Amino acid sequence: MGFKKFFINLTPSPLVKLFANPYVAGDSIQAAIDAAKKFWDERHLCSTIDLLGEELQSDEEVQYSADVYKRLIDALGSQEYSSLSLKPTQLGSHRGTEHCKKVIEEIIERAELDNIKVTLDMEDSSFTDMTLDIFRALHRDYPTFGTVLQSRLFRTDDDIKSLRGLNARIRICIGIYNEPEKIALQSKPEMKKKMLDQVELLLKEGHYPEIASHDEGVIREALNIAERLNMKKDRYEVQMLMGVPMQAFQDELIQNGILVRLYVPFAEKWKFAIAYCKRRLAANPAMAAYIVKNILHKTAGRR
Ligand SMILES: Cc1cc2nc3c(=O)[nH]c(=O)nc-3n(C[C@H](O)[C@H](O)[C@H](O)COP(=O)(O)OP(=O)(O)OC[C@H]3O[C@@H](n4cnc5c(N)ncnc54)[C@H](O)[C@@H]3O)c2cc1C
């Protein structure tokens with residue numbers, strides 16, 4: 001475990017909660033829908049709403065999560081601004097691929113009735129095969145079903161090629177999970193360079209890349225690639241996390257006719273939000289440094 005991660009794990013829950021405020025829409029389905037609607041009405045930003053929760057090991061918690069997604073779909077109804085994102089380890093991966101696929105299919109079936117698109121997020125590398133197996137199996141019957149690939153993994157070029165002909169929505173990001181050097185790049189600049197190559201590959205292979213990054217340089221370069229390949233602006237989109245302060249850039253992209261979508265997470269129960277909030281904390285260098293400093297200060301004071 002790295003130094004930063006160690007300290008973030010020590011961060012008291014109320015502090016994590018306070019910090020996480022801008023990154024989480026709220027603690028109800030209605031709060032998530034209100035946030036997504038506000039982004040659309042005020043700024044023409046699309047959303048992908050995500051129920052927080054991962055690594056669930058009990059059938060009851062999985063059933064609860066699946067039910068929340070179904071209630072969310074019913075409340076969201078047919079609209080033009082929001083899709084859904086969900087995770088295998090939140091929806092039955094503990095009982096194997098077939099079970100997880102069944103739980104996810106029930107959600108997609110319901111979402112399809114209202115033309116709501118669904119994306120299967122990518123978790124750490126121990127779930128890559130399972131995620132892609134579920135994606136491939138369900139994409140046959142639900143062509144708008146999308147998934148995510150992570151540029152840091154050495155396997156991703158091959159994974160893209162293995163999806164040839166699917167013309168799928170593929171979110172491409174560097175990936176948030178630390179992975180061992182045997183299977184993944186370790187340097188962020190290399191990951192970002194790879195991500196740009198993969199945006200090009202996805203476009204050439206006929207997919208719809210969803211360029212997920214907060215690095216303005218990476219996004220601009222990805223858009224240059226699309227332009228160089230003469231891709232129409234409806235062949236790709238840009239995605240960012242709610243709460244990362246990039247409003248001016250997002251508005252500029254939208255004015256230039258690029259679809260921008262925010263990841264809008266919510267949790268009815270705080271315990272399901274902690275892992276996500278800690279990852280956001282780790283990704284925000286200024287805030288993470290501030291917390292590490294405070295914990296060190298308090299620990300030193302106690303001695
Ligand atoms: C919509 C969306 C969906 C995603 N889905 C997945 C997924 O399914 N699986 C997965 O592994 N990863 C996912 N990610 C995470 C993605 O891999 C991370 O965004 C990535 O790890 C961070 O890389 P970056 O390209 O933003 O570059 P970075 O270099 O990490 O960030 C660029 C700049 O953005 C700023 N920034 C980044 N995060 C924060 C923050 N929390 N607070 C303040 N500033 C910040 C920093 O100042 C930094 O300078 C998703 C990201 C997005 C935007």
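A: Helices (H or I, at least four residues) and strands (E, at least two) are DSSP runs, numbered from the N terminus. The expected span of a helix is 1.5 Å times one less than its number of residues. The model is predicted, and therefore local features need a pLDDT of at least 70 and side-chain atom pairs count only at pLDDT 80 or more, while totals for chains, interfaces and linings use all residues. Residue numbers start from 1 along each chain, as its sequence is written.

A residue is called buried if 20 or more other C-beta atoms lie within 10 Å of its own, exposed if 12 or fewer do, and partly exposed in between, with C-beta atoms placed from the backbone. The arc used below is that of the directions from the helix axis to the C-beta atoms. In H5, the buried residues are Cys100, Lys101, Val103, Ile104, Ile107, Ile108 and Ala111. Seen down the axis of H5, these buried residues fall within an arc of 165°, so they line one face of the helix. On the other side of H5, Glu98 and Leu113 are exposed.

What does the buried face of H5 pack against? Its buried residues pack against helix H4 (59–76), strand E2 (82–86), strand E3 (118–120) and helix H6 (128–139); here, two residues are in contact if their C-beta atoms, placed from the backbone, lie within 7 Å. H5 is followed by Asn115, whose phi is positive, near 55°.

Helix H9 (residues 216–228) can be read in the same manner. H9 has 13 residues and reaches 18 Å from its first C-alpha to its last, close to the 18 Å expected at 1.5 Å a residue. The buried residues of H9 are Ile219, Ala222 and Ala226. They cover an arc of only 60° around the axis, which puts them on the same side of H9. On the other side of H9, the exposed residues include Glu216, Arg220, Asn224 and Arg228. The buried residues of H9 are covered by elements including helix H8 (188–204), strand E6 (208–212) and E7. After H9 comes Asn230, whose phi is positive, near 60°.

The assignment gives domain 1 (1–24 + 273–303) and domain 2 (26–272). Their centres, taken over C-alpha atoms, are separated by 26 Å. Nine residues of domain 1 are in contact with 13 residues of domain 2. Helix H11 (residues 274–283) gives the most to the side of domain 1 that touches domain 2, with four residues.

Of the 23 residues around the ligand, Asp121, Cys173, Ser213, His214 and Asn284 come nearest. Two or more residues are given to this shell by each of strand E4 (146–150), strand E5 (169–173), strand E7 (237–241) and H11. The largest share, three residues, comes from E7. The shell draws at least three residues from each of domain 1 and domain 2.

Terms used. Domains from an automatic or database assignment. Near = placed C-beta within 6 Å.
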